[in-house]
Amino acid sequence: MSFSLAFLLPPKTDYKDLYDVGKFDLTWKMVVFNSVFLGVVTLGYLLFEPKAVGAALYAWIISLLLNFALAYLKSIGSLAHSMQSTVVFF
């Protein structure tokens, strides 16, 4: 399986409860969708409005970091706990 397809499929977790497995899979699918969508938006900004690409690139990088963190931690609770301490309000 290629890397691009592996990126779309949720990793194996230690969850035994079907509810927790479903919650993790839904979270994974939402994060992957956001990463792909923001990648397309960033490309669009790069092609059509290069001056505004910074904000789109920033959002895309954050979504990719969330995707990699979710793949590495393989848990929703630990991801939420780690993100809670790093949230910055503007």
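**View 1. Ser63 counts as buried, at 8% relative accessibility.** Buried means under 20% relative accessible area, exposed means over 50%, and partly exposed lies in between (1.4 Å probe, protein chains only). Ser63 sits in helix H3, residues 53-73. Helices here are DSSP runs of H or I with at least four residues, strands are runs of E with at least two, and both are numbered from the N terminus. Which residues does Ser63 contact, leaving aside neighbours within four places in sequence? They are Val31, Asn34, Ser35 and Leu38. A contact means heavy atoms within 4.5 Å. The model is predicted: local features need pLDDT of at least 70, side-chain atom pairs count only at pLDDT 80 or more, and totals for chains, interfaces and linings use all residues. Residues are numbered from 1 along each chain as its sequence is written, and side-chain values use heavy atoms, with hydrogens and water left out.

**View 2. The whole protein has four helices and zero strands.** Read from the N terminus, the order is α-α-α-α. The protein has 90 residues, and 19% of them count as buried. Its accessible surface is about 6900 Å². Carbon and sulfur atoms hold 73% of that surface. These areas come from the Shrake-Rupley method with a 1.4 Å probe; for residues, only the protein chains shown count as cover. Take the contacts with a separation of 6 or more: 54% of them join residues 24 or more positions apart.

**View 3. Five residues form the largest nonpolar core.** They are Phe24, Trp28, Val31, Val32 and Leu70. Helix H2, residues 18-48, gives the largest share of this core, with four residues. A nonpolar core is a set of buried Ala, Val, Leu, Ile, Met, Phe, Trp, Tyr and Cys residues joined through side-chain atoms within 4.5 Å.

**View 4. Helix H2 has 31 residues, and its end C-alpha atoms are 45 Å apart.** The expected span is 1.5 Å times one less than the number of residues. Which residues of H2 are buried? They are Phe24, Trp28, Val31, Val32, Ser35, Gly39 and Thr42. Val31 and Ser35 in this list are also contacts of Ser63.

View 5. Just after H3, Lys74 takes a positive phi of about 55°.

**View 6. Thr42 of helix H2 faces contacts from Val53, Ala56, Leu57 and Trp60.** That list leaves aside neighbours within four places in sequence. Is Thr42 buried or exposed? Thr42 counts as buried, at 8% relative accessibility. Its C-alpha lies 9.2 Å from that of Ala52, ten residues apart along the chain. Val53 is eleven residues from Thr42 in sequence, with 6.3 Å between their C-alpha atoms.

**View 7. Val53 of helix H3 touches Thr42, Tyr45 and Leu46.** Residues up to four places away in sequence are not counted. Val53 is buried, with a relative accessible area of 17%. Val41 belongs to helix H2. It is partly exposed, at 25% relative accessible area. Val41 and Trp60 are 19 residues apart in sequence, and their C-alpha atoms are 8.7 Å apart.

**View 8. Phe33 and Phe37 both lie in helix H2.** They are four residues apart, about one turn of the helix. Rings of Phe, Tyr and Trp (its six-membered ring) pair if their centres lie within 6.5 Å; planes under 30 degrees apart count as stacked, over 60 as edge-to-face and the rest as tilted. By this rule there is one aromatic pair. The ring centres of Phe33 and Phe37 are 6.0 Å apart and the planes meet at 10°, so the pair is stacked. Phe33 is exposed, with a relative accessible area of 55%. Phe37 is partly exposed, at 45%.
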